Amino acid sequence: MEASEEKTVAVSEVASSVECPVCHTANQPTETWCTECGFRLDATPGEAPAEVEEAPIATLISEADGRAYPLKTGENLIGRSPEADVLISHPSVSRRHALVVIEDGAAYIEDLGSTNGTIIEGKPATARTRIGPGMRIRLGEVTLRLEGSIAEVEETPAIEEKIAAFLIAEDGTKYPLHAGTNTLGRRSDNSVVIPDPYVSGRHAEVIFDGNTWYIKDNGSTNGTYLNDERCPPEEMKPLKDGDRLVFARLTFRFRLADTETESADEPSTETQQET
């Protein structure tokens with residue numbers, strides 16, 4: 001009788017794997033540590049601490065609808081541009097309207113050549129200006145109120161600025177100029193307002209640095225001319241008493257204040273006919 005060979009089939013039981021609670025890798029049940037990330041498989045992972053959002057140092061509040069626009073330390077661009085930190089979708093607001101800078105606990109605002117201007121507490125912002133809590137800022141037709149833990153603005157007594165020079169129009173109108181930067185253009189927040197359609201909103205600047213007077217065209221559409229020569233945009237050209245300036249189609253004479261006063265005080269040389 002032929003002996004029959006019995007085949008033995010070894011059946012191995014497949015045990016369930018153990019999933020790592022951190023990286024979710026399947027590990028053999030005999031493993032103590034995760035083969036992928038090294039986490040102990042019988043331990044409970046701690047929860048990651050929730051990120052705490054830092055409160056803004058200051059906020060601009062819309063007086064129309066109460067919407068809050070948070071401000072961060074450093075530069076905050078305000079405008080209609082999608083890149084603005086404070087995005088205000090109003091047609092009277094320029095794409096890059098103004099810049100708020102917060103540094104050393106104080107806040108400052110600067111108009112960026114906007115079409116409709118920046119008004120602070122009823123006064124046009126013609127240069128970088130300090131602002132504080134409770135102050136109202138109007139950008140075009142949008143009014144915002146500044147709130148936050150920033151330094152108050154101390155009121156300083158107004159100091160009457162001495163007139164240092166004049167721009168004299170062809171009709172004899174005198175526009176006073178002061179030391180520093182005098183902006184000139186069609187917009188109402190300029191130092192010298194010229195409501196002529198051919199003059200740009202922020203057409204040019206007349207600058208006195210303490211030693212020399214300069215004229216600087218701000219990239220105007222119709223140009224600035226010094227003694228019949230067009231001034232290159234953004235280039236400061238020295239001025240002297242009596243120089244002829246043309247902004248678009250309007251002509252002015254630049255006169256130093258002392259010289260103009262002396263001219264006004266000189267007696268008339270005209271002789272009167274006796275009757």
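Student: Which residues does Glu235 touch, not counting residues up to four places away in sequence?
Tutor: With those neighbours left out, Glu235 touches Ile215, Lys216 and Asp217, where contact means heavy atoms within 4.5 Å. Before we go on: this is a predicted model, in which local features need pLDDT of at least 70 and side-chain atom pairs count only at pLDDT 80 or more, while totals for chains, interfaces and linings use all residues. Residues are numbered from 1 along each chain as its sequence is written, and side-chain values use heavy atoms, with hydrogens and water left out.

Student: Thanks. Where is Glu235 in the fold?
Tutor: Glu235 sits in the loop between strand E21 (229–230) and strand E22 (236–239). Strands (E, at least two residues) and helices (H or I, at least four) are DSSP runs, numbered from the N terminus. Glu235 is partly exposed, at 36% relative accessibility. Here buried means under 20% relative accessible area, exposed over 50%, and partly exposed in between, with a 1.4 Å probe and protein chains only. The C-alpha atoms of Glu235 and Asn218 are separated by 8.5 Å, and these residues are 17 apart along the chain.

Student: What about the phi of Glu234?
Tutor: Glu234 is not a glycine, yet its phi is positive, about 65 degrees. Glu234 is also in the loop between E21 and E22. For background, most residues other than glycine have a negative phi. Asp228 has a positive phi too, near 75 degrees, and its place is the loop between strand E20 (224–226) and E21.

Student: Is Asp228 buried or exposed?
Tutor: Asp228 is exposed, since its relative accessible area is 60%.

Student: Let me zoom out. How many helices and strands are in the protein chain?
Tutor: The protein chain has one helix and 24 strands. It has 275 residues, 35% of which count as buried. Among contacts between residues at least 6 apart in sequence, 31% join residues at least 24 apart.

Student: Why does the second largest pocket lie between domain 1 and domain 2?
Tutor: Because domain 1 (58–148) and domain 2 (163–256) both give residues to its lining. The domain bounds come from an automatic or database domain assignment.

Student: Switching to Ser92: what does its side chain pair with?
Tutor: The side chains of Ser92 and His90 are joined by a polar contact of 2.8 Å. A polar contact is a pair of N or O atoms within 3.5 Å; within protein, one must be able to donate a hydrogen and the other to accept it, and residues adjacent in sequence count only if both atoms are side-chain atoms. A polar atom of the Ser92 side chain also lies 2.8 Å from the backbone nitrogen of Glu141. Ser92 is buried at 7% relative accessibility, although it lies in the loop between strand E6 (86–87) and strand E7 (98–103).

Student: Last one: is Asn76 buried or exposed?
Tutor: Asn76 is buried, with a relative accessible area of 1%, and it lies in strand E5 (residues 74–79). A polar atom of its side chain is 2.9 Å from the backbone oxygen of Lys72. Beyond four places in sequence, the contacts of Asn76 include Leu71, Asp85 and Val100.
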